[in-house]
Each structure stands twice: as C-alpha cells, then as structure tokens.
Amino acid sequence: MNELLHQLKKLTSIESDADYARRSRQLILQSVREPKKKFSIAALLGSSLQFGVTVALTGILLLVVLGGLGIGEFLSPFHLASLDPTNLRAEAQAIDIQIQLTDLNYHESLNSQSTPSTAAPTISSSITPASKDDVQKKAAELGISSVSPSSSESIGIDEALNRLAE
Amino acid sequence: MIDGEDKLIERAVKGEASAFGHLYDHYQPRIYRFVFIKVGQREEAEDLTHQAFLNAWQNIQNYEHRGFPFSSWLYQIARNQVIDYYRTSRSNLSIDDADPENFVGPENTQSAAEQKFELAEIRLALIQLKPDYQDVIVLRFVEELSLKETAEALERSEGAVKLLQHRALQELRKNLTRKK
C-alpha cells in the first residue's frame, strides 16, 4: 500500500508550461464578465408588467379572432331575412305576374323583303304573313289582351303559357 | 487553501480581477495536473484547464461559501469539462497516450527520462480505472484533499467516496501488478 501511494505521489511532479499559464491568466482576467442580476422591486414589477401586457394582448387577439368568426356567421346570407330561401320561395309563389301582349305589328315589314340568294330555300308563296287583324282576332279567341296594357282582362303567367301551348 | 482565501474570494465575487488572479496562481497547477492525468495530452489539458478557469471567473458571482475550500468548486468545474471532453471526442486508450515527453518533471532527482517513463506507466495504470475511481485516487492521494473535500468535489457523500476509494485502490494495485 505504501509503495502504491509512493508511486502515486510521483504524479505531483506534473506541471504545465510557464508561458501557457501566463497567457491563460491574462486572457481570463481580461475577459468580460456579465454582471449578476440583482433582485429588486423595480425589476420584479417590470417583469410582472411585461407578463401582464403579454396576457392582455393575447386575450385581445383571441377576442378578435372569435369575434370575427361570430360576425361572419351573422353576415352569412342565409341569416338575412330577405335572403332566406324559405321566404323567397313563398314570395315567388305569391307574385302575380300579369303579362300583357302589346301591339303585335312585327309581321307587317316582311312583305317588302326579298329572298337573299338562290341557294337558300325560298319562301313558299302560300305562306303569307299574318296581318295585324288576324293576330288580334286570335288573341281575342285565347282571351289575351293584345293592345293596351291598361286592359282590364289579365291572367296569370302560367295560365297564359298553357293556353298558348294548346 | 491559501491564507486569506475567504477575503480573496469575497473580492473576486465582487468583480476584482486581481483577487481572482491570486486564486488562479495558486490553483492552476493542481487543476492542470488533475486534467492532464485524465486526458493525457498536453494541448488538451491546457485547453480544458483554461476553459475551467474561464468558467469559474464568469460564474464566480454564483459561488457560495459553504465551509469547503474553493478548490472543491474548481475541481467540480474541471471534472465537468473533462466529462464533456470525453463525450465529444472518442479517444481510445493507447500506449501513445503515455508519451513521457508530456511530463515536465524536476531535474534534480533521478534522470529525467527514467522519471518521465515511470510517470507515464503510473498514469496508464490509473486511466485504466473507471472515471470515478480515477477521480478519487487523484483527489485523495495526489492532490491530498480530505474525504469531505473530495466528496464535495465529486458531489457524492463521504460514505460513497470511502467505498470508491477502497475499490479504486484494489483495481490500481491489480493493474500495476499486471504490468510488472
């Protein structure tokens, strides 16, 4: 045991280079040290205030985001009374469309027109443009007012279309 | 422990560089020796010792005197530096690690070459031990720290240090006997 300890003691002769030690010391003592942060009431209040501001801003941001989602639902077209599909359907059915055929004189000008080319099919001479009187007569048969929008006779659009289709 | 160490530490904690310089002059050879025995390379030992003292100077305001020598705190820092060094560099133990030229010994004893060779052999036997065993051997028998100071430096209880010391000496004796 003593021999062992004696051998270990020989290790105390290990030394560093003198130049290295001098340079190292100089570098270390010249290095900049960060000052120790001292505890103070002002620092504590400052950090608390900073935390409080952070929490407040986060809360405001959340309110804006959630509020924006709520406004979006409110502004949705399906929530406006005037754009409710159910109401729209009911209003459409309640509309009483009164269609009145006005002056039907659009065929009078066709008599003076000539056929454009030989390749085009010719208009049969047996087909004559309807005269104004013929149209008005036909309209009267169907019960459709053909002259004046102020006529007292008026029917719904569905009925008018059905009569024309007959 | 140096005379007036408490006053020096107090002044160093307040930021007085000259006070820390005195502490450096006293403890640098010991810390260097401890690190060199562990790593075996002169340049590495110099770098690690420098870093250990730099860390100590940067953090000395956090040092609290708890009845132990300042050296225990320095050894803790140096030990952590060596641990980090082993983590980052995968150094394998080899006979080249015990280069006798790395040892600077006194010239008035037996021939310098023989002494250097002996030192290299002892170091080789030592570094074959586990790191905890090495630390206990070096701190207790080379640096001559007390059991209490060694426990503080190794951040262990005195009982644990006693047990480590016993096992470390047994292992070291085996290693030295095997070499012969």
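Leaving aside neighbours within four places in sequence, Glu5(B) is in contact with Leu23(B), Tyr27(B), Pro69(B) and Phe70(B). Contact means heavy atoms within 4.5 Å. This is a predicted model, where local features need pLDDT of at least 70, side-chain atom pairs count only at pLDDT 80 or more, and totals for chains, interfaces and linings use all residues. Residues are numbered from 1 along each chain as its sequence is written, chains are lettered from A and ligands numbered from 1 in the order in which they are written, and side-chain values use heavy atoms, with hydrogens and water left out.

**Glu5 of chain B**

Glu5(B) sits in helix H1 of chain B, residues 5-13. Helices (H or I, at least four residues) and strands (E, at least two) are DSSP runs, numbered from the N terminus. Glu5(B) is buried but has no salt bridge. Buried means under 20% relative accessible area, exposed means over 50%, and partly exposed lies in between (1.4 Å probe, protein chains only). A salt bridge is a side-chain nitrogen of Lys or Arg within 4 Å of a carboxyl oxygen of Asp or Glu. Which side chain of opposite charge is nearest to Glu5(B)? That is Arg30(B), 7.9 Å away. Here Lys and Arg count as positive and Asp and Glu as negative, while His and the chain ends are not counted.

Glu5(B) does have a polar partner. Its side chain makes a polar contact with the side chain of Tyr27(B), at 2.3 Å. A polar contact is a pair of N or O atoms within 3.5 Å; within protein, one must be able to donate a hydrogen and the other to accept it, and residues adjacent in sequence count only if both atoms are side-chain atoms.

**Salt bridges**

Over all chains, the whole structure has 14 salt bridges.

| Pair | Closest N and O atoms |
|---|---|
| Asp25(B) and Arg25(A) | 2.8 Å |
| Glu143(B) and Arg33(B) | 3.0 Å |
| Lys14(B) and Glu10(B) | 3.9 Å |
| Lys174(B) and Glu171(B) | 4.0 Å |

Take Glu143(B) and Arg33(B), which form a salt bridge. Glu143(B) lies in the loop between H6 and H7 of chain B and Arg33(B) in helix H2 of chain B, so the pair ties together parts that are 110 residues apart in sequence. Are these two residues buried or exposed? Glu143(B) is buried, at 7% relative accessible area. Arg33(B) is buried too, at 10%.

Lys174(B) and Glu171(B) both lie in helix H8 of chain B. They are three residues apart, about one turn of the helix. Lys174(B) is partly exposed, with a relative accessible area of 49%. Glu171(B) is also partly exposed, at 33%.

Glu10(B) is partly exposed at 43%.

Salt bridges also form a network. It links Lys38(B), Arg79(B), Asp132(B), Asp135(B) and Arg156(B).

**Where the chains meet**

In all, 43 residues of chain B are in contact with 26 residues of chain A. The area buried between the two chains is about 3,200 Å², and carbon and sulfur atoms give 61% of that. Buried area is the accessible area (1.4 Å probe) that two parts lose on being put together, summed over both. In chain B, Tyr24(B), Gln61(B) and Ile122(B) lose the most area to chain A, together 16% of what that side buries.

There are three salt bridges between chain B and chain A. There are also 14 residue pairs in polar contact, both residues at pLDDT 80 or more. Several elements of chain B give two or more residues to the side that touches chain A, among them H1, helix H2 (17-39) and helix H3 (42-58). H2(B) gives the most, with eleven residues.

Helix H7 of chain B, residues 147-154, is mostly covered. Seven of its eight residues are buried, including Leu147(B), Glu149(B) and Glu152(B). Just after H7(B), Glu155(B) takes a positive phi of about 55°.

Chain A has six helices and zero strands. Of its 166 residues, 11% are buried. Among contacts in chain A between residues at least 6 apart in sequence, 55% join residues at least 24 apart.
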